[in-house]
Amino acid sequence: MPLYFAFDELMDPARMAQLSPQVKSLGQGRLPRHHLIVMSGARVTIRRDPLREVHGTLYEVPMAAMPLLDRRFSGASKIIQPIIGQGGSKRAVMHLLPENL
């Protein structure tokens, strides 16, 4: 099952469960060497920054739920990054919105 890193309102497991009840929270995670950018409309994305880190929630997401996340983040790039969580570093999918959106 793929791992997903949420750093926006989907950090709240209750919000993620509204999108897909089969998603399982694995607890907190962090993305080193990046920082959070708040854009208009309360949307967020991230940018590389060697001195900071982004905190979020790590989830196990069934393959069937991934298209729901893709549609929710229409216009976003889907990337895989190492996320530090309980038990060490794990590769997780995340959506990045363009900064000019």
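**Basis.** I note that this is a predicted model, in which local features need pLDDT of at least 70 and side-chain atom pairs count only at pLDDT 80 or more, while totals for chains, interfaces and linings use all residues. Residues are numbered from 1 along each chain as its sequence is written, and side-chain values use heavy atoms, with hydrogens and water left out.

**Overall form.** I recorded two helices and five strands in the protein chain, in the order β-α-β-β-α-β-β from the N terminus. The radius of gyration is 13 Å, close to the 13 Å that the globule rule gives for 101 residues, so the protein chain is as compact as a globular protein of that length. Helices (H or I, at least four residues) and strands (E, at least two) are DSSP runs, numbered from the N terminus. The radius of gyration is taken over C-alpha atoms, and the globule rule is 2.2 Å times the number of residues to the power 0.38. Along its principal axes the C-alpha trace spans about 35 × 30 × 20 Å.

Of the 101 residues, 41% count as buried (under 20% relative accessible area, with exposed over 50% and partly exposed in between; 1.4 Å probe, protein chains only). Among contacts (heavy atoms within 4.5 Å) with a separation of 6 or more, 63% join residues 24 or more positions apart.

**Charges.** I found 13 positive and 8 negative side chains, with the centres of the two sets 4 Å apart. Lys and Arg count as positive and Asp and Glu as negative, whereas His and the chain ends are not counted. The place of a charge is NZ of Lys, CZ of Arg, CG of Asp or CD of Glu.

**Strand β1.** I followed residues 3-6: L3 and F5 point one way, Y4 and A6 the other way, and all are buried. β1 pairs with β3 (residues 44-60) in the antiparallel sense over four bridges; two strands pair if DSSP finds at least two bridges between them. Y4 stands opposite Y59 in β3, and A6 stands opposite T57.

**Strands β2 and β3.** I noted 13 bridges joining β2 (residues 24-38) to β3, the two running antiparallel. S25 stands opposite Y59 in β3. Their hairpin has five residues between the strands, and G41 there takes a positive phi near 75°. Most residues other than glycine have a negative phi. R33, in strand β2, has a positive phi of about 60° although it is not a glycine.

Which residues does F7 contact, leaving aside its neighbours within four places in sequence? F7, in the loop between β1 and α1 (13-19), is in contact with L36, V44, T45, I46, V54, H55, G56, M94, H95 and L96. F7 is buried, with a relative accessible area of 7%. The C-alpha atoms of F7 and R30, 23 residues apart along the chain, are separated by 9.0 Å.

I looked up H34 next, which lies in strand β2. At 7% relative accessibility, H34 counts as buried. Not counting residues up to four places away in sequence, H34 touches I46, R47, R48, D49, R52, E53, V54 and Q81.
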